[in-house]
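Subject: Structure handover

Hello,

I am passing on the structure below, followed by some notes on what was found in it. Please have it open while you read.

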Amino acid sequence: MPDGSPLVSIDNLRVEFRGEDGPIVGVEDVSFSIKPGETVCVVGESGSGKSVTSLSLMRLVEFGGGRIAGGKLEFARDSGVLDVADADPEIMQQIRGNEIGMIFQEPMTSLNPVFTVERQMTDGLRLHRGLSQSKARARALELLKQVRIPEPERRLKQYPHELSGGMRQRVVIAMAMACEPRLLIADEPTTALDVTIQAEILALIDRLKRETGMAVLFITHDMAVVAQMADRVVVMFRGNLVEEGPVEQIFTNPQQDYTKALLAAVPRLGEMRGKPAPEPMRLVGQSPVEADLKPARKPEPLLEVQNLTTRYPVKGGVFRRPVANVHAVEDVSFTINKGETLALVGESGCGKSSCGRSILRLTEPTSGKVLLDRTDIIAMNDRDLRRRGWRDMQMVFQDPFASLNPYMRLKDQVAEPLMNYGLASGSELKDRIATLFDHVELPRSFMTRFPHELSGGQRQRIAIARALAVNPKLIVADEAVSALDVSVQAQVLNLMMELQSEFGISFLFISHDMAVVERVSHRVGVMYLGRLVETGSRAQVFENPQHSYTRSLMSAVPVADPTRKTIRDDLNFRPIPSPVFPLGHEPGPSEYTEVAPGHLVLKDNKT
Amino acid sequence: MKLPAAFRSSKGLIGAVLVLMILLVAIIAPLVIPPDMATQMDMRARLSPPTLAHPLGTDQLGRDLMYRVLLGAHTSIYIATAAVLMSIVIGLPLGLISGYVGKTTDNILMRLVDTLLAFPALLLALTISAVLGPNLQNTIIAIGIAFTPFLARIIRGEALRVAQMPYVEAARTAGNSDTRLIVRHILPNIMPAVIVQSTISLAFAILAEAGLSFLGLGTQPPDASWGLMIQASRDYLDRAPWTALVPGAAVALTVLGLNMFGDALRDALDPRARKGAT
């Protein structure tokens, strides 16, 4: 292979899918190349065709009902350049897993649950390399060491369910690396992972690339990951290539409007430094959103959570008796002021969602007090809760596809709370619904539609309209923007801030995304293993983090700025211990040190 | 009124036409055909293959299969439909309450259902029918009760799944009463499963009636029912296969029609499957 010639060159790729009414175009016309040893990031929002492009390169797109309708996919092999687009299936079998390795998004499902790690890792080695079982085993062990899995000998004997998500993704990477591929395709490899594990996996892929000299085709929707990983960037939109260039150029001097809009919609950690209040994002091509979110001179507390504890029983045995407890929320106390947003951040399993659900009593807390405007929510019986409790606080859920009833028209779903709480009827009801649609910036013609006719972002607007209907004092937003594309996410965040400044609503904003939290919150609480480990104003927590967990969380967040590489060699975060404790286990109370007025840090001697 | 899109597809249309035809036969045949046409024996033409005199052939007693299958439709369809309706009437609330309320209620109801499930459905129907006595009404009750546990189980599972969906939780915080939650939010979302299960149950109910008749507890000879005809044909399969094929085809057509109709009905109720609704 002569120097400077590309490893992969894609020319005018076109991919079609079978549809009921003729072919659907997945990729219209895409051309780019990958040089040996470089990382090319393909970035785009859902439906942009980025995954289809990578699947075409493996010719896996045919297994999903697609067809390469045109173009060339040239891949440089030892024996010469091969056009993958019309290669024989036998040749593709030699290439897949051997010359091109692939990592998928979901580490839970990309390993076969009924085989041990050893069996899965050695299969490919024996097939492609003709190694004996013992040699394949030795090589598998070597690979596990290469991806820095602790106790590699033991892992070989284990089944996938015995490994954590991050560990599984390391095994998947080790398998993809097994035959020393020249190209590694990583399709959203960290999207399903927590931020600290994401940082580890990104660092690992980067190190392997440097050590082995393989090229990486990295598919992602996350501009921050792009900034950290890419040498070159390909921006895609609706099946077409919008812009291509070196990573610095794309971030500092984007040429196309779409790239500019995409970059403007990405919240960057640290950009709110020194600002006193949350600020709506400036989006390209849209008039700036006005919102005055400065905290009141004399803050009035709205929600007071005191010593909230929620435990779930783990049932076992023949009689399904409780055998242990999951300590989801452990002695958590905080206050939300009127018109302010408190964000709860933390990784999966830290109890942030359970905390939000316990406040609304969608999950019954074990003990503690929740006072909303001095009314005790926990003491309410079912009827009071239904008549008064939820009159003042509402929830917006994560999954826009599951939070609306597919069998009801949108206007009926928004009307329900108004009718149930006796807030409006007759023609007034119709007016109120129309106004609510205006508030969430949806056309009134949508009122008679069904949920499936809307996009994810539009559905989330309906969910917000439904929550707004009762004029609540508090809205609990549980990962409300996490499932949305970044440009839609920015619009929904702006909408929430606008509504907050207009109606003085308080938000409990639950999220795993530090950059988003920095944008929207007045106060922040960091959760770890059911406890609030640090709480304070946004400036206090983000600019002066005190707890060791807060610090490691902050250091793991990828920053959407290629000049600030936060992904370093071999990060190894302490794995989060299990929150399951035997029955009767009573951990001590949460005790805090006040490092500054309102800035509390958990004293670290208990778990 | 415009036909829902689901019934304008060829599959839905065929299903609807088949079901309509079978229903018409079941209702009209007993009114226009003298009942003794099905029991008249032509001893010279026993096990006769299809001829001009007997277009679909005759059975071992020389009875005309065409008349028997037409008149038997009434019995078979009536029993199967009534029995499945009965199992829905009992099983739907049982499963919904069990799945929605949960805890002790669920435990008690489901152990009850499990006890019934422990007996083979036919054996259960047989016992009930034997205790109540052999007549049309009791056959319906027996099959209806025997089929209830399956349905209740399926509905409970679906109710459990739907009850924890965010849209149901959101509806709860929207101040809906339990009844309204079940009727407006849970029930529509489990209907697809109920419809699919019911169409399958209908086919099985036709066969269950046959089993009961065979044991002398369902339809009493010389009256005709499809199941009884299939049972009677078993000794003559080698010499006179049409004795099994004629009622068998009737059952198969009914099941096919019901399945297609059921799928179309499910789609017609689902806003996601409506085309051109935007």
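The model is a predicted one. I begin with the two domains of chain A, where 24 residues of domain 1 are in contact with 25 residues of domain 2. On the side of domain 1 of chain A that touches domain 2, the elements giving two or more residues are α7 (195-212), α8 (223-229), α9 (247-252) and α10 (257-264) of chain A. Of these, α7(A) has the largest share, with eight residues. By class, this side of domain 1 of chain A divides into twelve nonpolar, five polar and seven charged residues.

As for the bounds, the domain assignment gives 8-264 as domain 1 of chain A, while domain 2 of chain A is put together from 339-360, 391-581 and 588-602. The centres of the two domains, taken over C-alpha atoms, are separated by 32 Å.

Next, a helix in chain A. Helix α4(A) covers residues 133-146, which makes 14 residues. From its first C-alpha to its last it reaches 20 Å, close to the 20 Å expected at 1.5 Å a residue. Its buried residues include Ala136(A), Ala140(A), Leu143(A) and Leu144(A). Why do they lie on the same side of α4(A)? They do so because they cover an arc of only 100 degrees around the axis. The face turned away from the buried side carries Ser134(A), Glu142(A) and Lys145(A), which are exposed. After α4(A) comes Arg148(A), with a positive phi near 55 degrees.

Strands of chain A

Which strands does β9(A) pair with? Strand β9(A), residues 232-237, pairs with β3(A), residues 39-43, in the parallel sense over four bridges. With β10(A), residues 240-246, strand β9(A) pairs in the antiparallel sense over six bridges. Val234(A) takes part on both sides: in β9(A), Val234(A) is the bridge partner of Val42(A), and in β10(A) the partner of Val234(A) is Glu244(A). Five of the six residues of β9(A) are buried, so the strand is mostly covered. The hairpin of β9(A) and β10(A) has two residues between the strands, and in this hairpin Arg238(A) takes a positive phi near 45 degrees.

Elsewhere in chain A, five strands form an open sheet in the order β15-β14-β11-β12-β21, with antiparallel pairing. Strands β15 (375-376) and β21 (580-582) of chain A stand at the edges with a single partner strand each, so one side of each has no neighbour in the sheet. Within the sheet, β11(A), residues 301-316, is joined to β12(A), residues 321-337, by twelve bridges, and the two run antiparallel. One of the paired positions is Pro313(A), whose bridge partner in β12(A) is Asn325(A).

Chain B

Chain B has ten helices and zero strands. Along its principal axes, the C-alpha trace of chain B spans about 75 × 50 × 30 Å. Of the 278 residues in chain B, 43% are buried. Among the contacts in chain B with a separation of 6 or more, 68% are between residues 24 or more positions apart.

Is Ile79(B) buried or exposed? Ile79(B) counts as buried because it has 27 C-beta neighbours inside 10 Å, where the cut-off is 20 or more. Leaving aside neighbours within four places in sequence, Ile79(B) is in contact with Leu136(B), Thr139(B), Ile140(B), Ile143(B), Ala205(B) and Glu209(B). Ser225(B) is 146 residues from Ile79(B) in sequence, yet the two are 9.8 Å apart in space, C-alpha to C-alpha.

The contact between the chains

How many residues does each chain bring to the contact? Chain A brings 22 residues and chain B brings 16. On the side of chain B that touches chain A, two or more residues come from each of α7 (166-173) and α8 (178-214) of chain B. The most come from α7(B), which gives six residues. By class, this side of chain B has eight nonpolar, six polar and two charged residues.

Regards

Methods
Residues numbered from 1 in each chain as written. Chains lettered and ligands numbered in written order. Predicted model: local features only at pLDDT ≥ 70, side-chain atom pairs only at ≥ 80, totals over all residues. Expected span 1.5 Å × (residues − 1). Buried ≥ 20, exposed ≤ 12 C-beta atoms within 10 Å, placed from the backbone. Arc of directions from axis to C-beta. Pairing = 2+ DSSP bridges. Contact = placed C-beta atoms within 7 Å. Nonpolar A, V, L, I, M, F, W, Y, C, P; charged D, E, K, R; others polar. Domains from an automatic or database assignment.
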